[in-house]
Amino acid sequence: MAGKKRESGGLSEIFTRNFLLLASINLAMFFGFQMTNVGLPVYVVQLGANAQVAGLVGTLMTVTAVAVRIFAGPLLDRFGRKGALVAGALLMACTIFAYAVFPLVGVILGLRLLQGIGWGLGSTASSTMAADVIPKHRFAEGMGYFGLVAALASALGPTFGKKIWSVTSSNVFFTIVAIFPV
């Protein structure tokens with residue numbers, strides 16, 4: 001970089017305790033999200049839903065999470081990032097667990113909306129908090145590392161979810177998966 005001196009403190013400048021904690025939380029939330037996506041469509045079909053409803057189960061959460069992100073920024077600024085992260089993670093965990101407790105397709109569709117709210121709020125809060133702790137002169141690099149966490153969960157989460165689904169009951173599956181976001 002001609003004419004621009006770059007400060008360098010090594011990776012330890014990015015990989016602080018707070019960054020690693022946030023990356024771990026984000027990894028766990030993404031794992032919960034990815035593993036749920038493996039088991040839930042199969043579960044609702046077992047409960048009597050058709051293929052269109054099983055597809056709707058995936059769509060509802062995604063659309064809800066996108067919509068929530070529109071409002072998440074102002075909520076984080078007004079009520080605090082940490083509270084939003086905790087609320088989002090708890091909402092995700094409770095809704096995942098509730099899939100086993102309320103095995104009714106209509107209820108599951110409603111729970112999926114709530115999970116989308118939790119996912120949108122929690123993932124936005126964790127990314128915002130990561131942006132807050134990354135040194136500004138290493139921001140792009142730090143956010144790249146933070147983004148790798150999501151990629152790792154996207155690559156491994158479905159495999160773990162499928163394996164857990166294949167060796168357990170649906171109740172055990174959702175109980176295990178509910179642990180991840182919290």
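The tour below goes from the whole chain to single residues.

**Stop 1: the whole model**

Begin with everything selected. This is a predicted model, so colour it by pLDDT before looking at details. The average pLDDT of the protein is 93, and 95% of the residues score at least 70. Now select residues 1-5, where the pLDDT is below 50. Beyond near neighbours in sequence, this stretch has 1 contact in the model. Where pLDDT is low, the predicted coordinates should not be read in detail.

Switch to colouring by secondary structure. How many helices and how many strands are there in the protein? The count is 6 helices and 0 strands. Followed along the sequence, the pattern reads α-α-α-α-α-α.

Among the contacts with a separation of 6 or more, 85% join residues 24 or more positions apart. Then show the surface. The protein exposes about 9,300 Å², and carbon and sulfur atoms supply 70% of that area. Of the 182 residues, 41% are buried.

**Stop 2: the nonpolar core**

Hide the surface and select L40, Y43, Y99, W119 and F174. The largest nonpolar core has 47 residues, and these five touch the most other members. Which elements give two or more residues to this core? They are α1 (17-46), α2 (51-79), α3, α4, α5 (139-167) and α6 (170-179). The largest share, 11 residues, comes from α1. In soluble globular proteins, nonpolar side chains tend to be buried together.

Keep F174 selected and show what surrounds it. Leaving aside neighbours within four places in sequence, F174 is in contact with L40, Y43, I96, F97, Y99, A100 and W165. L40, Y43 and Y99 were also in the selection that opened this stop.

**Stop 3: a buried serine**

Select S126, which is found in helix α4 (residues 105-133). Is S126 buried or exposed? S126 counts as buried, because its relative accessibility is 0% and the limit for buried is under 20%. Not counting residues up to four places away in sequence, S126 touches L22, N26, M29, L85 and F146.

**Stop 4: a nonpolar patch on the surface**

Bring the surface back and select F97, V101, F102, L104 and V107. Together they form a nonpolar patch on the surface, with about 430 Å² of accessible area. F97 lies in helix α3 (residues 81-101). With a relative accessible area of 41%, F97 is partly exposed.

**Stop 5: salt bridges**

The structure holds 4 salt bridges. Select R81 to start, a residue that counts as partly exposed at 26% relative accessibility. Its side chain meets that of D77 in a salt bridge, 3.3 Å from N to O. D77 counts as exposed, at 58% relative accessibility.

R81 also meets D132 in a salt bridge, here with 2.6 Å from N to O. What does the pair of D132 and R81 tie together? D132 lies in helix α4 and R81 in helix α3, so the pair ties together parts that are 51 residues apart in sequence. D132 is partly exposed, with a relative accessible area of 43%.

Move on to E13, R138 and E141, which are linked in a network of salt bridges. Between E141 and R138, the closest N and O atoms are 2.8 Å apart. R138 is buried, with a relative accessible area of 6%, whereas E141 is partly exposed at 25%.

**Stop 6: a distance to check**

Finish with V172, which is found in helix α6. V172 counts as partly exposed, at 39% relative accessibility. How far apart are V172 and G32 in sequence and in space? They are 140 residues apart in sequence and 14 Å apart in space, C-alpha to C-alpha.

How values were computed. Residues numbered from 1 in each chain as written. Predicted model: local features only at pLDDT ≥ 70, side-chain atom pairs only at ≥ 80, totals over all residues. Heavy atoms only, no water. Patch = residues over 30% accessible without salt bridge, like charges linked within 9 Å, V, L, I, M, F, W, Y side chains within 5 Å. Areas by Shrake-Rupley, 256 points an atom, 1.4 Å probe, with all protein chains shown as cover. Helix = DSSP H or I, 4+ residues; strand = E, 2+ residues; numbered from the N terminus. Buried < 20%, exposed > 50% of the residue type's maximum accessible area, 1.4 Å probe, protein only. pLDDT = per-residue confidence, 0-100. Contact = heavy atoms within 4.5 Å. Core = buried A, V, L, I, M, F, W, Y, C linked by side-chain atoms within 4.5 Å.
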